[in-house]
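Me: I would like to learn how to read a protein structure. Please take me through one, feature by feature.

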Amino acid sequence: MRTQEPQRSVRYWCSDESRVGLLSGGGRKLTGLGIKPVGVSQWKFRYRWLYGLVEPMSGESFVLEFSHLDSQCFEEFLLQFAAEYPQDIHVIQVDNAGAHRAHHLEIPENVMLLYQPPYCPEVNPIERLWEQRQRDFRWTRWEDLPELQGAISDWVTGLSQEMVKSLTGWDWLCEGLHVAGI
């Protein structure tokens, strides 16, 4: 007599990568009319990559830092994610980056990749999270990579489910996922 496996729920995630580096980024700053904003900047081209997943329905997030953007790092990211959430089936929206389409890419058993249309980053809700990270890091200067990595770690730790949900939980997307029973 065969025993039935427990019912696994399906979860929908949105994924993307973002480069964070020592090169200072400016942005808008409130100044007087005709006065150029002043800020500390540096021109060091050393950086790290954030690989991220967000679940728009719950606001849950999973972010890891890597040294490169390639298929090996993406595969490791998926393996760590699948190990963190082994009980569910995960549908992950990804763009058409070469790292996501590599032929030798091993995808965990509980993960399915859903490719978004090419050249359409605006359909991926995680882009809003990366925009928030850019705003949070504007006009900030780090001396070296360990200091930057500390700032990244603090930022990731400070992500609340409410904030992620407010940034990524688009009404039309959440309604569609609800109707689909996801």
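Reply: Begin with the elements: helices (H or I, at least four residues) and strands (E, at least two) are DSSP runs, numbered from the N terminus. Tyr-119, for example, lies in the loop between β5 and α3. The model is predicted: local features need pLDDT of at least 70, side-chain atom pairs count only at pLDDT 80 or more, and totals for chains, interfaces and linings use all residues. Residues are numbered from 1 along each chain as its sequence is written, and side-chain values use heavy atoms, with hydrogens and water left out.

Me: How many helices and strands does the protein chain have, and in what order do the elements run?

Reply: The protein chain has six helices and five strands. From the N terminus on, the order is β-β-β-α-β-α-β-α-α-α-α.

Me: Is Tyr-119 buried or exposed?

Reply: Buried means under 20% relative accessible area, exposed over 50%, and partly exposed in between (1.4 Å probe, protein chains only). With a relative accessible area of 81%, Tyr-119 is therefore exposed. There is also its backbone to look at. Most residues other than glycine have a negative phi. Tyr-119 is not a glycine, yet its phi is positive, at about 60 degrees.

Me: Which class does Leu-79 fall into, and what share of the protein chain counts as buried?

Reply: Leu-79, in helix α1 (residues 71-84), has a relative accessible area of 39%, so it is partly exposed. Of the 182 residues of the protein chain, 41% count as buried.

Me: What does the side chain of Asn-124 reach?

Reply: Here the idea is the polar contact, a pair of N or O atoms within 3.5 Å; within protein, one must be able to donate a hydrogen and the other to accept it, and residues adjacent in sequence count only if both atoms are side-chain atoms. The side chain of Asn-124 reaches the backbone oxygen of Ser-15 at 2.9 Å. Asn-124 sits in the loop between β5 (111-115) and α3, and it is buried because its relative accessible area is 2%. A second case is Gln-132 in helix α3, whose side chain is joined to that of Arg-135 by a polar contact of 2.9 Å. Gln-132 has 17% relative accessibility, so it counts as buried.

Me: Which residues are in contact with Asn-124, leaving aside its neighbours within four places in sequence?

Reply: Contact means heavy atoms within 4.5 Å. With those neighbours left aside, Asn-124 is in contact with Cys-14, Ser-15, Asp-16, Gln-93, Gln-116 and Trp-170. For the protein chain, take contacts between residues at least 6 apart in sequence: 68% of these join residues at least 24 apart.

Me: At what angle do α3 and α4 cross?

Reply: Axes are lines fitted to C-alpha atoms, for helices over the stretch in contact, and angles run from 0 to 180 degrees between N-to-C directions. The axes of α3 (residues 126-137) and α4 (residues 145-157) come within 12 Å and cross at roughly 125 degrees. The contact is made by Leu-129, Trp-130, Arg-133, Asp-136 and Phe-137 of α3 with Ala-151, Ile-152 and Trp-155 of α4.

Me: How far apart are the axes of α3 and α5, and which residues meet there?

Reply: The axes of α3 and α5 (residues 161-168) are 8 Å apart, and the helices pack at an angle of about 120 degrees. From α3, Ile-126, Arg-128, Leu-129 and Gln-132 meet Met-163, Val-164, Leu-167 and Thr-168 of α5.
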